[in-house]
Amino acid sequence: MRHAVLALGLLASPAAAEISLQDGAAGLDLAPCELSNLSCTTLTVPLDHRANDPSKTMEITFALSFATVESKGILFYFVGGPGGSGLASADSYLSAFDPSLTEYMDIVFVDQRGTGPVHGLSCPKAQATFDIAPASLDDPNAAIETAQTYVRDCIAELDADELLPLVNTEQAIRDSELFRQAIGGPKVWLYGESYGTQFVQAYGTLFPQAVRGVIVDGVVDLNLSPEGFYSRYTLAAEQLLAETFALCADIPACKADMGGDAAQVYDALADRVEKTRLMVPFTLADGTQTERQLTTGLLEANAFYALYSPDGRAEFLRALAAAGRGNLQPMLLLGYSNMYIDPETEIGIEDPGWFGAAYYAITCTDYGSGTGTPEERAARIMDEARAFAPNAPRLLRSYYIERLACAFWPHQGSDTRPEPFAGGDWPTLVLNGDHDPITPISMAYSVLDNAKNSYGVFMRGGPHVIWGRGFACPDTIVQALLYEGKLPASREQICEQDPIGEYAPLTLTDPAQMAEPFTVARAVDTELLNYSPLLNWDGEHPVTFGCPYGGTLSATTADRGTDYAFKDCGFWPELSISGTGQEIAMEEGDDGLTLTLKVSGPQQGDLTYHYSTADEAWSLSGTWNGQPAGLPRSKP
């Protein structure tokens, strides 16, 4: 493929604002993307935009989605992280939006420097060790050593000394600006989610002539210092976690499963995890047994990441309820999932959509850690953590652990923060949920209040990032702005959604339930829907997992859905399940889940269970304890 070597040059002419992506890309070499169904092009850009050294370059790949009906404009889409791959995420993001987005907008994704298959920064071994490691103010030297070891081992694992100092956001912005000039210099919409909001605010400030409009979603306030940013979101997360515990009491099934106050159940578990080496029996994919440690790192990560979405809160509460009843596997597996750790090896998973080392390489060079040696910076951070501790009784690790890693990172950013984002002559649309733990709504208000020509849409109960979640508000407001240039009806508007998703009750918690064949079969169905390793399966490659109480569960992609195989699988200590399952994607008259099960233990049975998604109806046949099995009949 022929690559263009570019450098920042002349500004676009006013007429360039009407160039479509199809027209602008006519002079570029396009090929099918490897990680998406879009068209990709690769530009060769300076390794260091400030060095004026044409001998040192790197390749940046862009994915292009051309409007299928009529182009109403070009949208540059910047994903979160930092460390997210725009190319690997493109298909899933686009499928979540209203179809009109790809019909009427040209859309551009990018693997910014530090992400993607060519120059992605990932150190899975060091990352997993760091994420799992316990950390506590009771032993500050151990916490500091954990961060220092992570940085040392990660840098060695990367072997990217030349690139590491040059992955900051400004360098990446200049890469995307070169692409904009390569397609003729049209004015473009800039959309950023989470870290992407940091990217587009800086882009709009650096190149205001490039901008047709800015949309920020899950907003970072660039004006905050590192301490200000981490304290702001840790305080928000603490409040949301307390609210999540309180929500459990209003859900009868959650309240019953928890067996007490959810906050007290969590605090008791956190106390055990911190004071003891809490080992969890764990079944490997080959059926053998081992033990794994549930650490403070995994537990706090679960509590924090649960707050990103309503469904995440419900999933976490279910795992907490199971832990309160003595089953720690769901909490352990949830931690592996949240931290991208392979349950079989406890080594970080190589994910084409996420580059964990890029998170630190970009963050630590965008922000400074203060003056002094790395050790002095780390000691100062721990002093600040001790002073902040009364404000964060459950999530204090979130306040300091990343900052410790940045203190030892070999390349530091400036300690001087940018001025608040001022906006421009174009509109700035600010989107945020008020239940966002990582970019709390207070940050969005700060941006709204400082940027001229700005409008805000805020979702009560809303998650981290609110556009493209299937809600008319904010989706129709964003679409009207993009397609028609229609400004929001007022400067601030409010949407609303439930702050917690549907809670799936724990199954077979009452021994009497195990005597009912339909209840047992339906419980297997429920566990399939809520088993963390299955939820994170890529749906492509055959996979086998250990079951919580022994035995295994396998999943294989079939022509019309998924095939399951159970081999002495213990979702509960009293019963084991063998047999098969077939889940068929919705097709008229032939959809849903069919289970053919052999149940062993105090209860014995051979069951055929079917749930029809289209009809929302169940059927059951077979034998149970030597008698015919069928559906339960309601009492008059």
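**Backbone and packing**

A: Glutamate 346 sits in the loop between H14 and H15. Bear in mind that this is a predicted model.

Q: What is the phi of glutamate 346?

A: Glutamate 346 has a positive phi of about 60 degrees, although it is not a glycine.

Q: Why bring that up?

A: Because most residues other than glycine have a negative phi.

Q: Which other residue has a positive phi although it is not a glycine?

A: Tyrosine 340, with a phi of about 55 degrees. Tyrosine 340 is in the loop between helix H14 (329–338) and H15. Its relative accessible area is 36%, so tyrosine 340 is partly exposed.

Q: Now peptide bonds. Where is there a cis one?

A: The bond from glycine 81 to proline 82 is cis, with omega near -5 degrees. Proline 82 lies in the loop between strand S4 (74–78) and helix H2 (86–96). Another cis peptide bond joins cysteine 473 and proline 474.

Q: What is omega for the bond between cysteine 473 and proline 474?

A: Omega is about 25 degrees there. Proline 474 is found in helix H19 (residues 472–484).

Q: Changing topic: how many residues are in the largest nonpolar core?

A: The largest nonpolar core has 175 residues. Tyr400 and Phe566 are those with the most contacts inside that core.

Q: What does phenylalanine 566 touch?

A: Not counting residues up to four places away in sequence, phenylalanine 566 touches a list that includes Val524, Leu528, Leu553, Phe571, Ile577, Leu595 and Leu597. Also among its contacts are Thr552, Ser578, Gly579, Thr580 and Gly581.

Q: On to helix pairs. How do H6 and H15 cross?

A: The axes of helix H6 (residues 140–158) and helix H15 (residues 356–366) come within 11 Å and cross at roughly 110 degrees. H6 is therefore roughly perpendicular to H15. The crossing of H6 past H15 is left-handed.

Q: Which residues meet there?

A: On the H6 side, Tyr150, Cys154 and Leu158; on the H15 side, Gly356, Ala357 and Tyr360. By class, the contact of H6 with H15 has 5 nonpolar residues, 1 polar and no charged ones.

Q: And H7 with H8, what is the crossing angle?

A: Roughly 65 degrees, and the axes of helix H7 (residues 169–182) and helix H8 (residues 195–206) come within 10 Å. The H7 and H8 crossing is right-handed.

Q: Which residues of H7 and H8 meet?

A: From H7, Thr169, Glu170, Ala172, Ile173, Arg174, Ser176, Glu177 and Arg180 meet Tyr195, Gln198, Phe199, Ala202, Tyr203 and Leu206 of H8. By class, the contact of H7 with H8 divides into 7 nonpolar, 3 polar and 4 charged residues.

Q: Is glutamine 198 buried or exposed?

A: Glutamine 198 has a relative accessible area of 9%, so it is buried. The cut-off for buried is under 20%. Leaving aside neighbours within four places in sequence, glutamine 198 is in contact with Thr169, Val220, Leu222, Asp366 and Tyr367.

Q: How do H9 and H13 cross?

A: The axes of helix H9 (residues 226–249) and helix H13 (residues 310–324) come within 11 Å and cross at roughly 70 degrees. That angle makes H9 roughly perpendicular to H13. H9 passes H13 in a right-handed crossing.

Q: Which residues of H9 and H13 meet?

A: Leu241, Thr244, Phe245 and Cys248 in H9 meet Arg313, Phe316, Leu317 and Leu320 in H13. The contact of H9 with H13 divides into 6 nonpolar residues, 1 polar and 1 charged.

Q: Last one: where is aspartate 434?

A: Aspartate 434 is in the loop between strand S10 (423–433) and helix H18 (441–450). Its relative accessible area is 29%, so aspartate 434 is partly exposed.

Q: What does aspartate 434 touch?

A: Not counting residues up to four places away in sequence, aspartate 434 touches Leu240, Ile441, Met459, Arg460, Gly461 and Gly462. Aspartate 434 and glycine 413 are 21 residues apart in sequence and 30 Å apart in space, C-alpha to C-alpha.

Technical notes: Residues numbered from 1 in each chain as written. Predicted model: local features only at pLDDT ≥ 70, side-chain atom pairs only at ≥ 80, totals over all residues. Heavy atoms only, no water. Core = buried A, V, L, I, M, F, W, Y, C linked by side-chain atoms within 4.5 Å. Buried < 20%, exposed > 50% of the residue type's maximum accessible area, 1.4 Å probe, protein only. Contact = heavy atoms within 4.5 Å. Axes fitted to C-alpha atoms, helices over the stretch in contact; angles between N-to-C directions. Helix = DSSP H or I, 4+ residues; strand = E, 2+ residues; numbered from the N terminus. Parallel < 35°, antiparallel > 145°, perpendicular 65-115°, else oblique. Left-handed = near helix turned anticlockwise from the far one by under 90°. Nonpolar A, V, L, I, M, F, W, Y, C, P; charged D, E, K, R; others polar.
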